[in-house]
Amino acid sequence: MALEGRERVWAEWMTAALAGDEPAYHRLLAALAPVLRAYARRTLAQMGASTADAEDIVQETLLAIHLHRNTWRQTDPIGPWVTAIARYKLIDSLRRRGRRAEVAIDDLADALPDGGADQEEELGRRQVIRLVDRLEGRQGAIVRAISLEGADIKDTAAKFGMSEGAVRVALHRGLKTLAQLYRARDG
Amino acid sequence: MKTDDFIRTLAADRAVAIRPNQALALALAVGVAVAAAVFTLTLGPRPDVATALQTVRFLFKFVVTIAVFAAGLRLAAALARPGGDAVSAARLLLVPVALMGAALAIELVVVPADAWMPRLIGYNAAVCLGAIPLIALGPLAAFLLALRSGAPTAPARAGAAAGLVAAGLAATLYASHCADDSPLFVATWYSLAIALVVAAGAWLGPRVLRW
């Protein structure tokens, strides 16, 4: 019941997000992060793998959800969609680390104790591997300005003497490159 | 990078990729055009196509190849989306299989046993095995490209589905050229040719569809 209610809210936020509602999208990603974190930590622990990589997997999964949100349809339940992406990314990540991901992976819904806020909040601020440092050129500079220095699109446009549209294009390309860097990495 | 900052960064990016179904529709338009061009330039329809259209065996070839094509398209669309219902899409594949089975049973009843082998071997087996994969190449590339704008969590299966759509399309075109109309021939050689394309798609899937 609680799960269904939560997923209905996620679906509403995603629908708004796809229509260009940035705050709703921010709320959605912020709500997904602790769920993905609990899922990653629990699955890694079950498989006897180190949970130290969990935050990294959370970020890679959020990036995948972001870049592939075109594959969610309003008529589809959002929970199974998120679960399928989280599972794919987790298995992929374990495979890259040289582990055989043959252990049954639970449903996302099973893994999620809601809340448990404080410790998880803290984890959300944890530093993870800075693949973003490896982004080159203008793309890299723009992604770093926004993600590490906390600039918004407008600040960044002024800083680099670019239009806001051009900053958004570079940001999008930078995030796609980041996804490629994740894929190419072994470990 | 901190996850909170990362989320803020993602939220600032508003670009959304084209929806998988739209990408597949685009691939379909391109795939049909390329396949039709290749078919017309290499083989073309058989000269007696007007009279052939009045025979049940000739028409049945299209029923079964279009069923393969349609089932493949549904399957590819389901496999392009994480959590997509690939199982019920895969069940549609039973339609062409059942149609083929029924046609084979009827053929075996109405045709004397000593004509079975000649009909199965036919005259165009080698052409069929070469032409269907050749015509399917362009559409296969187009459908794989379309699937790249999706997020297939089973890349080998998604690649195989792309192969199935491409092969169904190629077989539909090829059927208008081929003079062998017996279900015995179709069940043997068309299936083999389609399987080749499906295998190529399954092999390519994990190589080109990772995300």
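The model is a predicted one, in which local features need pLDDT of at least 70, side-chain atom pairs count only at pLDDT 80 or more, and totals for chains, interfaces and linings use all residues. Residues are numbered from 1 along each chain as its sequence is written, while chains are lettered from A and ligands numbered from 1 in the order in which they are written.

**Chain B on its own**

Let us start with the fold. Chain B has 10 helices and zero strands, where helices (H or I, at least four residues) and strands (E, at least two) are DSSP runs numbered from the N terminus. The C-alpha trace of chain B spans about 75 × 35 × 25 Å along its principal axes. Of its 211 residues, 47% count as buried; that term asks for 20 or more other C-beta atoms within 10 Å of a residue's own, with 12 or fewer making it exposed, anything in between partly exposed, and C-beta atoms placed from the backbone.

Contacts are pairs of residues whose C-beta atoms, placed from the backbone, lie within 7 Å. Among the contacts in chain B with a separation of 6 or more, 87% join residues 24 or more positions apart.

Helix α9 of chain B covers residues 155-175, 21 residues in total, and its first and last C-alpha atoms are 30 Å apart, close to the 30 Å expected at 1.5 Å a residue. That expected span is 1.5 Å times one less than the number of residues. Of the 21 residues of α9(B), 20 are buried, so the helix is mostly covered.

**Where the chains meet**

Across the interface, 45 residues of chain A are in contact with 29 residues of chain B. The elements of chain A that give two or more residues to this side are α2 (22-46), α3 (54-67), α4 (78-96), α7 (137-147) and α9 (164-184). Its largest share, seven residues, comes from α3(A). By class, the side of chain A that touches chain B has 22 nonpolar, 13 polar and 10 charged residues. Here Ala, Val, Leu, Ile, Met, Phe, Trp, Tyr, Cys and Pro count as nonpolar, Asp, Glu, Lys and Arg as charged, and the others, Gly among them, as polar.

Two packed helices are described by the angle between their axes and the distance between the axes. Axes are lines fitted to C-alpha atoms, for helices over the stretch in contact, and angles run from 0 to 180 degrees between N-to-C directions.

| Helix pair | Angle | Axis distance |
|---|---|---|
| α2(A) and α3(A) | about 135° | 9 Å |
| α2(A) and α1(B) | roughly 145° | within 9 Å |

The contact of α2(A) with α3(A) has 11 nonpolar, one polar and two charged residues.

**A closer look at Ala11(B)**

Ala11(B) is found in helix α1 of chain B. Ala11(B) is buried, because 20 other C-beta atoms lie within 10 Å. Leaving out residues up to four places away in sequence, Ala11(B) touches Glu22(A), Tyr25(A), His26(A) and Leu29(A). Ala11(B) and Ala37(B) are 26 residues apart in sequence and 44 Å apart in space, C-alpha to C-alpha.

Notes
Contact = placed C-beta atoms within 7 Å.
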